[in-house]
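Welcome, and thanks for taking a look at this one with me. Please have the viewer open as you read.

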Amino acid sequence: MSAGIFSQNVDDALRYSQLFYNGTARFMSMGGAFTALGGDLSSLSQNPAGLGVYRSSEMSFSPQLFHINTSADFNGLSDDYIYNFNLGQAGIALNLINNTNQSGLITLNAGYSFNRTNNFNSSIRIQGRNNNSSMADYWADQSYGIHYTNLGGAAGIAYDAWVMDTITWSGGTEYGTVFSNYGDNPPSVYGQSVRRLISYEGSTGEHAFSIGGNFSNMIFFGATLGISSLNFTSHYEHLESANFPLASGFSNFTYTDHYENKATGYTFKMGAIIKPIEYLRIGLAFHSPTIYKINEYYYDNITSYFDDGDNYNFSNEPMRYSYALSTPFRALAGVAVQIQKLGLISADYEFIDYGSARFSETGDDYDYSQKNMEIKGTLKPASNLRLGGELRLNKFYLRTGFGYYGKAFKEGEDNEDLDHVSLSFGGGFRESNLFIDLGFTNLRNTQKYYLYPVGEGIVPAQADFSVNRNIIAVTFGYKFGY
């Protein structure tokens with residue numbers, strides 16, 4: 001299994017294109033439905049026109065606590081979880097112009113906010129018995145027709161570690177595994193114990209530099225230059241153990257796969273909020289593609305043990321890659337209704353075509369056309385829906401929200417039914433120029449995961465994931481000149 005199978009692929013393109021907007025506790029607890037609302041520093045990353053709603057300067061700071069629980073079903077259920085504490089949002093809005101007139105330019109504001117846009121952290125444990133195939137089968141299938149002296153990548157070190165070997169009569173270009181005594185005792189005998197420990201770490205976050213204003217209390221406008229930081233680490237250890245005698249004398253092997261992505265990306269966003277009547281707001285926003293320049297580090301290794309006491313440990317030379325990724329553009333629309341002074345409700349619609357994500361080279365002349373064709377042939381346009389509500393009880397506020405993030409895979413793909421659903425609620429207290437908010441969001445999804453790609457004659461090794469993310473955020477804020 002080479003680096004190219006797991007990096008610079010469809011899953012990476014989707015992972016870095018999806019956004020599950022985090023931010024202030026108010027923003028989160030209302031489902032992120034702020035395209036038509038504004039007045040929150042998280043909206044700088046969603047609809048910059050929200051900055052134009054401010055009538056005074058404001059600053060806020062929002063730490064978050066993540067709890068990520070994952071269940072994996074692979075001929076048996078395994079659970080794992082981690083906690084992650086991070087900064088969800090921190091920023092400031094500065095009132096530059098504040099006129100008392102009721103027409104023309106009434107306010108002009110500048111703002112900055114760091115908003116976390118995705119959290120990749122999770123720990124997954126897959127454990128069970130595989131009665132049909134082995135990861136070694138994939139390496140053997142991948143190597144068909146390649147002389148053993150020319151093997152490379154994961155197949156090369158699997159060969160060196162005696163997990164697979166040439167079939168005697170093949171002339172050195174066909175391979176058998178330890179489960180068939182290298183082709184001497186077909187068919188392969190399975191039933192080995194499998195354990196895969198997966199660790200994902202990292203996040204994306206955006207530094208939003210914005211300007212926004214208010215024209216005649218009817219049109220609010222804004223623009224944002226977004227500078228995104230991306231950090232992602234994928235690490236797994238795949239163990240297969242034969243708890244029964246095999247002619248090859250095989251006991252177990254452990255294969256380790258590790259890669260790290262670090263990147264900086266740039267995007268431009270613009271938006272408007274229109275208030276045709278006092279209690280109605282309509283929001284529109286457009287996000288250009290984010291252009292990431294990604295630096296990648298990759299390594300893998302394998303260790304094997306045999307009943308006679310022999311053991312082998314081999315690794316490939318670590319590799320570094322540099323490439324670019326262009327994520328899809330986004331179009332957002334929203335509507336918000338204020339119910340006198342009792343509260344408000346809001347709804348957002350977001351369109352994104354995940355199939356338009358594209359990799360490109362940054363100097364190494366690698367041809368990414370095949371990978372981009374795979375993205376286009378696998379992913380499709382999706383619609384995201386967010387709903388939010390707020391009830392005002394004097395100085396106290398109660399909030400709730402819902403989010404649906406649509407299916408990104410085309411019909412017929414293994415994860416064609418993969419979507420995400422969020423439920424949220426929270427509350428807040430505001431007194432003069434001080435406020436504190438608390439928000440809770442639950443984001444969940446189910447998906448299929450294959451331990452190795454399917455080859456000719458290889459029975460898939462599929463695990464079913466259930467991912468449950470709980471996010472708690474607290475926002476401390478201060479208004480200047482209230």
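## Contacts around Thr-475

Two residues are in contact here when heavy atoms lie within 4.5 Å of each other. This is a predicted model, and by that criterion, leaving out residues up to four places away in sequence, Thr-475 touches Thr-24, Ala-25, Ser-60, Phe-61, Ser-62, Phe-435, Ile-436 and Asp-437. Thr-475 itself belongs to strand β21, which covers residues 462-480.

Is Thr-475 buried or exposed? Its relative accessibility is 1%, and because buried means under 20%, Thr-475 counts as buried. Its side chain also makes polar contacts: one of 2.7 Å to the side chain of Ser-62, and another to the backbone nitrogen of Ala-25, at 2.7 Å.

## The second largest pocket

If you turn to the open spaces, the second largest pocket has a volume of about 1300 Å³. Its lining is made up of 45 residues. Nearest the pocket centre are Arg-26, Arg-281, Arg-392, Tyr-397 and Lys-479.

## Confidence in the model

The average pLDDT of the protein chain is 94, and 98% of the residues score at least 70. One stretch to treat separately is residues 1-6, where the pLDDT is below 50. In the model, this stretch still has 27 contacts beyond near neighbours in sequence.

Notes: Residues are numbered from 1 along each chain as its sequence is written. This is a predicted model: local features need pLDDT of at least 70, side-chain atom pairs count only at pLDDT 80 or more; totals for chains, interfaces and linings use all residues. Side-chain values use heavy atoms; hydrogens and water are left out. On a 1 Å grid over the protein atoms alone, a cavity is a set of points where a 1.4 Å probe fits but cannot get out, and a pocket is an open set with protein on both sides within 12 Å along at least five of seven lines; lining residues have an atom within 4 Å of a point. Grid points are joined across faces, edges and corners, and a volume is the space filled by probe spheres set on the points. pLDDT is the predictor's confidence in each residue, from 0 to 100. Helices (H or I, at least four residues) and strands (E, at least two) are DSSP runs, numbered from the N terminus. Buried means under 20% relative accessible area, exposed over 50%, partly exposed in between (1.4 Å probe, protein chains only). A polar contact is a pair of N or O atoms within 3.5 Å; within protein, one must be able to donate a hydrogen and the other to accept it, and residues adjacent in sequence count only if both atoms are side-chain atoms.
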